[in-house]
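Me: I would like to learn how to read a protein model, one feature at a time. Please give me the general idea first and the case after that.

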Amino acid sequence: MPDLRDLSALPDEELVELFRGTGTSDHERSVGAHAQHAHRDGLEHAVFTVIVERYQKRIYFAVRKMVHGEHDLADEITQETFVKAYEALPAFRGESKLHTWLYRIALNTVIQRGRTRKVRQMVGLETIEATAVAEDPAPDGAMVQSETTALIDRKSTRLNSSHIPLSRMPSSA
């Protein structure tokens, strides 16, 4: 397996070429075709390790800002970003800098996680129905409950991803 110190000196473009197996760096030429083929997986791992070490902190802190300082979430998203990058690196076209590409993967991952979290943060219909039943001791409570449920059903079908989750709406009190 190549020495990480040698690889860490290479520019991003050469690292990507080595990862793909199409590179022509001095290091690759010195390894030789047979040894390169035999150690392909080791080379991919070593090259990607250099990429992670080079960009992990930058991506983590960018993600952490995006998720308002939530360390655990930033850590998860950073890890997911690098998993996605590993899978997509052979298709990296080099039209942008590697850091920009990684940042975009991270941003897309944050956006996707945000959509998932918003759905989870919205108050569930069961919670609203339970509250309506518990707070209405009047004899016509069943009718009010069914009207409330129908109103909620109509309103919730019109919600889309651009609406503010109910749990984050400012209180009017």
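Me: Where is H68 found?

Reply: H68 is found in the loop between α5 and α6. Helices (H or I, at least four residues) and strands (E, at least two) are DSSP runs, numbered from the N terminus. Before going on, note that this is a predicted model, in which local features need pLDDT of at least 70 and side-chain atom pairs count only at pLDDT 80 or more, while totals for chains, interfaces and linings use all residues. Residues are numbered from 1 along each chain as its sequence is written, and side-chain values use heavy atoms, with hydrogens and water left out.

Me: Is H68 buried or exposed?

Reply: Buried means under 20% relative accessible area, exposed over 50%, and partly exposed in between (1.4 Å probe, protein chains only). H68 has a relative accessible area of 73%, so H68 is exposed. The phi of H68 is near 60°, a positive value in a residue other than glycine.

Me: How many helices and strands are there in the protein chain?

Reply: The protein chain has 9 helices and 0 strands. Read from the N terminus on, its elements run α-α-α-α-α-α-α-α-α. Of its 173 residues, 29% count as buried. The chain exposes about 11,700 Å², and carbon and sulfur atoms supply 55% of that. Such accessible areas come from the Shrake-Rupley method with a 1.4 Å probe; for residues, only the protein chains shown count as cover.

Me: How do I read two packed helices, and at what angle do α5 and α6 pack?

Reply: Two packed helices are described by the angle between their axes and the distance between the axes. The axes are lines fitted to C-alpha atoms, for helices over the stretch in contact, and angles run from 0 to 180 degrees between N-to-C directions. Here α5 and α6 pack at about 145°, and their axes are 9 Å apart. The crossing of α5 past α6 is right-handed. A crossing is left-handed if the near helix is turned anticlockwise from the far one by less than a right angle, and right-handed if clockwise.

Me: Which residues of α5 and α6 meet?

Reply: Contact means heavy atoms within 4.5 Å. On the α5 side, the residues include F48, I51, V52, Y55 and I59. On the α6 side, they include A74, I77, T81, F82 and Y86. The residues of this contact divide into 12 nonpolar, 4 polar and 3 charged. In that count, Ala, Val, Leu, Ile, Met, Phe, Trp, Tyr, Cys and Pro are nonpolar, Asp, Glu, Lys and Arg are charged, and the others, Gly among them, are polar.

Me: What is the relative accessible area of A74?

Reply: A74, in helix α6, has a relative accessible area of 0% and is buried. Not counting residues up to four places away in sequence, A74 touches Y60, V63, R64 and V67.

Me: How many aromatic pairs does the structure hold?

Reply: A pair of aromatic rings is described by the distance of the centres and the angle of the planes. Rings of Phe, Tyr and Trp (its six-membered ring) pair if their centres lie within 6.5 Å; planes under 30 degrees apart count as stacked, over 60 as edge-to-face and the rest as tilted. The structure holds 6 such pairs. In one of them, the ring centres of F48 and F82 are 6.4 Å apart and the planes stand at 75°, so the pair is edge-to-face. F48 lies in helix α5 (residues 40-66) and F82 in helix α6 (residues 71-88), so this pair ties together parts that are 34 residues apart in sequence. Both F48 and F82 are buried. Ring pairs also link F19, F48, F82 and Y86 into a cluster.

Me: Which residues does L89 contact?

Reply: Leaving aside neighbours within four places in sequence, L89 is in contact with V16, F19, R20, F48, I51, L98 and W101. L89 lies in the loop between α6 and α7, and with a relative accessible area of 1% L89 is buried.

Me: Is R93 buried or exposed?

Reply: R93 is exposed, with a relative accessible area of 66%. The place of R93 is also in the loop between α6 and α7.
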